[in-house]
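Please open the model in your viewer and keep a selection panel at hand.

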Amino acid sequence: LEVAAAWSPQIILMDIVMPVMDGREAIRTLRQNPDHALTCIIALSASVPDEQCQRVLDLGADAFLAKPYLPRELGDALRTALRDAGRKTAPDPGPTS
C-alpha cells in the first residue's frame, strides 16, 4: 500500500496470499482510497479456489489469473485492463459540505 501511495501505478499485479496483509484486504483498502479508484488490479494466486475468484473480483480486482499462468494470459489481462481503464469512472465521493 505504501508503494502504491508513493508511485500511483496504473496497474497493480496483486498476489492474493501474502504474509502480512492478504490480497483481498489490500484490494479492499486500495479501492476505498479515491487515488486508487481507477487503478487496474490484476489478482494472482495459486491457492484460491474457483468459488473465491468471484469474491476477489467483487472486491474490486479487474481480472484474476490462476498460477501458473501462461505469458499470453498475462499479456491478454494487461491489454484488457489497459483498454478498459479508459472506460472506468471514479466513484462519486458524495456530498462535500
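Is Arg79 buried or exposed? Arg79 is exposed, with a relative accessible area of 53% (buried means under 20%, exposed over 50%, partly exposed in between, with a 1.4 Å probe and protein chains only).

This is a predicted model, in which local features need pLDDT of at least 70 and side-chain atom pairs count only at pLDDT 80 or more, while totals for chains, interfaces and linings use all residues. Residues are numbered from 1 along each chain as its sequence is written, and side-chain values use heavy atoms, with hydrogens and water left out.

Next, select helix H4 (residues 71-85), which lies across E1, E2 and E3 (helices, H or I, have at least four residues and strands, E, at least two, as DSSP runs numbered from the N terminus).

Now display the open sheet of three strands, ordered E1-E2-E3 with parallel pairing (two strands pair if DSSP finds at least two bridges between them). E1 (11-15) and E3 (63-66) are the edge strands, each with a single partner, so one side of each lacks a neighbour in the sheet. Within E3, Phe64 is the bridge partner of Ala43.

Finally, select Asp15 and Lys67, whose side chains meet in a salt bridge of 2.7 Å, N to O. Asp15 belongs to strand E1 and Lys67 to the loop between E3 and H4, so the pair ties together parts 52 residues apart in sequence.

Notes. Contact means heavy atoms within 4.5 Å. Axes are lines fitted to C-alpha atoms, for helices over the stretch in contact, and angles run from 0 to 180 degrees between N-to-C directions. A salt bridge is a side-chain nitrogen of Lys or Arg within 4 Å of a carboxyl oxygen of Asp or Glu.
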